[in-house]
Amino acid sequence: MHIHIVDAFTDRPFAGNPAGVLLLDDAFPGDDWMQNVAMEVNHAETAFAHRLPAGGEADWALRWFTPVAEVAMCGHATLATAHVLRTTGAHRGPARFATRSGVLVATPGADGSITLDFPTAPLTPQEVPAGVGEALGAQPAAAFDTGPNVGDLLVELADEQTVLGLSPDHRALGTYSSRGIIATARADDPSGGYDFVSRCFFPNVGIDEDPVTGSAHTALAPHWSARLGRDDLIGLQASRRSGLVHTALRGERTLLTGRALTVIEGELHA
């Protein structure tokens with residue numbers, strides 16, 4: 001079985017967010033086997049996909065596993081899967097994926113980019129939880145629940161430099177949501193090529209800091225579109241690897257556009 005390691009939301013190797021991708025011949029194997037493969041790959045997510053019969057609402061079934069758990073939605077591993085389908089010739093044109101978050105569509109662009117059509121996260125304002133500022137290392141100005149698909153607490157911080165300087169207590173952050181924390185702020189310099197900055201900490205699924213998180217941008221897009229008065233924005237996720245996500249808010253759907261490249265291809269013998 002072929003396995004691909006793909007860097008997503010980047011146009012250069014060793015940046016963006018790496019994901020494992022396996023295209024299966026048949027239906028999904030046992031959950032334990034997929035979890036073990038994801039643990040062996042040891043990237044934020046490993047995607048497993050198999051083709052569905054023609055004529056249905058989706059072309060491929062898709063699931064995602066971190067090294068310790070299955071997740072309900074993953075943007076970068078979906079982008080990576082669409083990239084593998086295109087570059088291997090396994091699928092041409094838009095790919096429709098049946099997932100735990102409904103049917104998600106990935107559309108290749110003529111310029112080599114891929115656009116994901118994802119559900120917009122419902123943001124619910126809430127009081128900043130007691131202790132989150134201490135755990136994060138900076139006091140949030142506002143906090144929002146991001147709904148069941150994303151499963152994070154989104155917090156807005158004072159400025160970009162505050163986000164960049166965070167050094168959180170990862171274990172303590174796990175008490176505030178089902179997955180973790182999205183920390184964000186407006187870009188200090190709007191001419192710098194991005195509109196907002198973020199970092200994502202997901203201790204509850206075994207990821208202290210995720211390099212670039214597509215699903216988080218389904219919450220960041222409506223948050224910053226409301227504040228900046230524009231539906232089309234660019235987010236910089238400022239992890240060590242870093243990456244850009246182009247977001248387009250379309251009501252109940254959010255379009256996420258980025259690039260990807262394969263860095264490793266191999267054979268899985270387990």
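Visitor: Before we look at anything, what does "buried" mean here?

Guide: A residue is buried when its relative accessible area is under 20%, and exposed when that area is over 50%. Keep in mind that this is a predicted model. Now try strand β1, residues 2–8: six of its seven residues are buried, so the strand is largely enclosed by the rest of the structure.

Visitor: How do I read a strand like that, and which strands pair with β1?

Guide: Here's the general idea: in a regular strand the side chains alternate between the two faces of the sheet. As for partners, β1 pairs with β18 (residues 260–267) in the antiparallel sense, over seven bridges. Histidine 2 has glutamate 267 as its bridge partner in β18. β1 also runs antiparallel to β2 (residues 17–24), with five bridges joining the two. Look for aspartate 7 there, whose bridge partner in β2 is proline 18.

Visitor: What about hairpins? How many residues join β6 to β7?

Guide: Two residues make up that hairpin link. β6 (residues 95–99) and β7 (residues 102–108) are antiparallel, with five bridges, and threonine 99 stands opposite glycine 102 in β7. Valine 105 has aspartate 117 as its bridge partner in β8. The hairpin of β7 and β8 has five residues between the strands, and glycine 112 in that hairpin takes a positive phi near 95°.

Visitor: Let's move to a helix. How should I read α2?

Guide: The rule to remember is that an α-helix has 3.6 residues a turn, so residues three or four places apart point the same way. Helix α2 covers residues 75–88, and at 1.5 Å a residue its 14 residues should span 20 Å; the end C-alpha atoms are 20 Å apart, which agrees.

Visitor: Is α2 mostly covered or mostly open?

Guide: Mostly covered, with 11 of its 14 residues buried. Among them are Gly75, His76, Leu79, His83 and Leu85. After the helix comes glycine 89, which has a positive phi near 80°.

Visitor: How do I find empty space in a structure?

Guide: Rolling a probe the size of a water molecule over the atoms shows where empty space is left.

Visitor: How much space is in the second largest pocket?

Guide: About 180 Å³. Asn17, Pro18, His43 and Arg241 are among the residues that line that pocket, and β2 and β14 each supply at least two. Here the classes come out as four nonpolar, three polar and three charged.

Visitor: Last topic: how many salt bridges does the structure hold?

Guide: There are 12. The general idea is that side chains of opposite charge can pair when their charged atoms come close. Start with arginine 63 and glutamate 70, whose side chains meet at 2.8 Å, N to O. Arginine 63 counts as buried at 16% relative accessibility, while glutamate 70 is partly exposed at 24%. Glutamate 70 also forms a salt bridge with arginine 100, and the closest N and O atoms of that pair are 3.8 Å apart. Arginine 100 lies in the loop between β6 and β7 and glutamate 70 in strand β5, so the pair ties together parts that are 30 residues apart in sequence.

Visitor: Is arginine 100 buried or exposed?

Guide: Exposed, with a relative accessible area of 53%. For another pair, go to arginine 179 and aspartate 152, which meet in a salt bridge at 2.6 Å, N to O. This pair links distant parts of the chain, 27 residues apart: arginine 179 is in the loop between α6 and β12, and aspartate 152 is in strand β11. Arginine 179 is buried at 8% relative accessible area, and aspartate 152 is buried at 1%. Elsewhere, salt bridges that share partners join Asp31, Arg63, Glu70 and Arg100 into one network.

Conventions:
Residues are numbered from 1 along each chain as its sequence is written. This is a predicted model: local features need pLDDT of at least 70, side-chain atom pairs count only at pLDDT 80 or more; totals for chains, interfaces and linings use all residues. Side-chain values use heavy atoms; hydrogens and water are left out. Buried means under 20% relative accessible area, exposed over 50%, partly exposed in between (1.4 Å probe, protein chains only). Helices (H or I, at least four residues) and strands (E, at least two) are DSSP runs, numbered from the N terminus. Two strands pair if DSSP finds at least two bridges between them. The expected span of a helix is 1.5 Å times one less than its number of residues. On a 1 Å grid over the protein atoms alone, a cavity is a set of points where a 1.4 Å probe fits but cannot get out, and a pocket is an open set with protein on both sides within 12 Å along at least five of seven lines; lining residues have an atom within 4 Å of a point. Grid points are joined across faces, edges and corners, and a volume is the space filled by probe spheres set on the points. Ala, Val, Leu, Ile, Met, Phe, Trp, Tyr, Cys and Pro count as nonpolar, Asp, Glu, Lys and Arg as charged, and the others, Gly among them, as polar. A salt bridge is a side-chain nitrogen of Lys or Arg within 4 Å of a carboxyl oxygen of Asp or Glu.
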